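Please look over the sequence and the 3D structure shown below before reading on. The paragraphs that follow go from one group of side chains to the next.

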Amino acid sequence: MILWPEALPIKGSVEGWLTDVEGRMRSSLRYRLREASDDYAVKARTQWVLDWPGQLVLAASQYYWSVEVEASIAEEGVVGLKKYYEKMLTQLDGLVQLVRGKLTKLESLTLGALIVVEVHARDVIQNLEAIGVSNVNDFEWISQLRYYWDTEEFVSTKAKLPLFYSANRGEDMTVKQVQAVFIYGYEYLGNTPRLVITPLTDRCYITLTGAMHICLGGAPQGPAGTGKTETTKDLGKALAKQTVVFNCSDGLDYLAMG
């Protein structure tokens with residue numbers, strides 16, 4: 001549950017106030033995500049992950065992972081990556097200790113999703129160290145899904161602007177991969193599990209984000225049951241966008257699809 005900063009009066013036509021609810025959902029998530037990001041810097045991590053909703057925990061932790069990895073590379077190169085790898089092992093140990101304790105159902109869901117994401121993040125750091133990445137612009141690093149808080153000037157000129165974007169809104173969380181830049185969707189998705197990320201998942205993400213950046217779509221192809229739909233849905237979670245799945249048959253035409 002994510003609390004709204006202030007109440008929203010329900011009045012007028014239903015299509016009007018439902019649109020207002022959607023807008024308030026996005027502004028509330030943005031407001032709380034900024035709060036959660038700031039709180040991360042002043043609180044013990046094992047306590048912080050239990051104090052905030054799962055969606056905010058995932059986004060804010062990935063933001064700090066992105067900026068801390070870049071700082072490590074910029075300051076000490078491969079040596080910095082090695083030190084950060086050790087730090088990630090310590091952070092994962094802290095999460096494991098929490099999992100072994102007594103948790104509510106929501107806390108268990110949050111930690112499960114966070115551990116899945118952070119295990120992949122740990123493997124990424126290990127791979128960057130093994131390759132010898134020493135520049136934040138190396139492809140092996142920029143090909144990862146990375147989170148940042150960026151200024152309005154950067155967002156308005158570099159990011160793929162969604163319909164809800166308006167001027168004079170200040171900082172926004174952005175999601176970057178190679179040349180693609182997206183504003184975090186700020187759609188409330190609840191506390192949901194995340195898919196285990198494999199090298200194939202990463203390649204699918206690169207293809208799909210690159211296509212969306214130039215206003216194209218993607219068509220994952222493969223045998224049934226290999227994870228095409230789940231991978232697409234998980235990318236939607238990473239971008240904070242609701243993903244709707246249509247199971248199409250020969251009887252469906254463009255009229256039935258709306």
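Over the ring of which residue does the charged end of R34 sit? In this predicted model, the charged end of R34 sits over the ring of W149, at 4.5 Å from the centre of that ring.

Side chains of opposite charge can pair when their charged atoms come close. The side chain of R34 meets that of E171 in a salt bridge, with 2.7 Å from N to O. Because R34 belongs to helix α1 while E171 belongs to the loop between α7 and β2, this pair ties together parts that are 137 residues apart in sequence. R34 counts as partly exposed, because its relative accessibility is 24%, and E171 is likewise partly exposed, with a relative accessible area of 36%.

The structure holds 18 salt bridges, and another of them joins D172 to R30, where the closest N and O atoms are 3.1 Å apart. D172 lies in strand β2 (residues 172–177) and R30 in helix α1, so this pair ties together parts that are 142 residues apart in sequence. Here both partners, D172 and R30, are buried.

A further salt bridge is formed by the side chains of D234 and R194, at 3.3 Å from N to O. This pair links distant parts of the chain, since D234 is in helix α9 and R194 is in the loop between β3 and α8, 40 residues away. D234 counts as buried because its relative accessibility is 3%, and R194 counts as buried at 13%. Salt bridges can also join into a network, as they do for E22, R26 and E187.

Turning to the aromatic side chains, a search of the whole structure finds 7 aromatic pairs, and ring pairs link Y40, W48, Y63 and Y64 into a cluster.

On the surface, V244, F246, L252 and M257 form a nonpolar patch, which has about 370 Å² of accessible area together. One of these residues, F246, is found in the segment after α9 (228–238), and F246 counts as exposed because its relative accessible area is 52%.

Finally, consider the cysteines. A disulfide is a covalent bond between the sulfur atoms of two cysteines. The structure holds 0 disulfides; C204 counts as partly exposed at 24% relative accessibility, whereas C215 counts as exposed at 58%.

How values were computed. Residues numbered from 1 in each chain as written. Predicted model: local features only at pLDDT ≥ 70, side-chain atom pairs only at ≥ 80, totals over all residues. Heavy atoms only, no water. Patch = residues over 30% accessible without salt bridge, like charges linked within 9 Å, V, L, I, M, F, W, Y side chains within 5 Å. Areas by Shrake-Rupley, 256 points an atom, 1.4 Å probe, with all protein chains shown as cover. Salt bridge = Lys/Arg side-chain N within 4 Å of Asp/Glu carboxyl O. Helix = DSSP H or I, 4+ residues; strand = E, 2+ residues; numbered from the N terminus. Buried < 20%, exposed > 50% of the residue type's maximum accessible area, 1.4 Å probe, protein only. Phe/Tyr/Trp six-rings, centres within 6.5 Å; stacked < 30°, edge-to-face > 60°. Lys NZ or Arg CZ within 6 Å of the ring centre and 35° of its normal. Disulfide = S-S within 2.5 Å.
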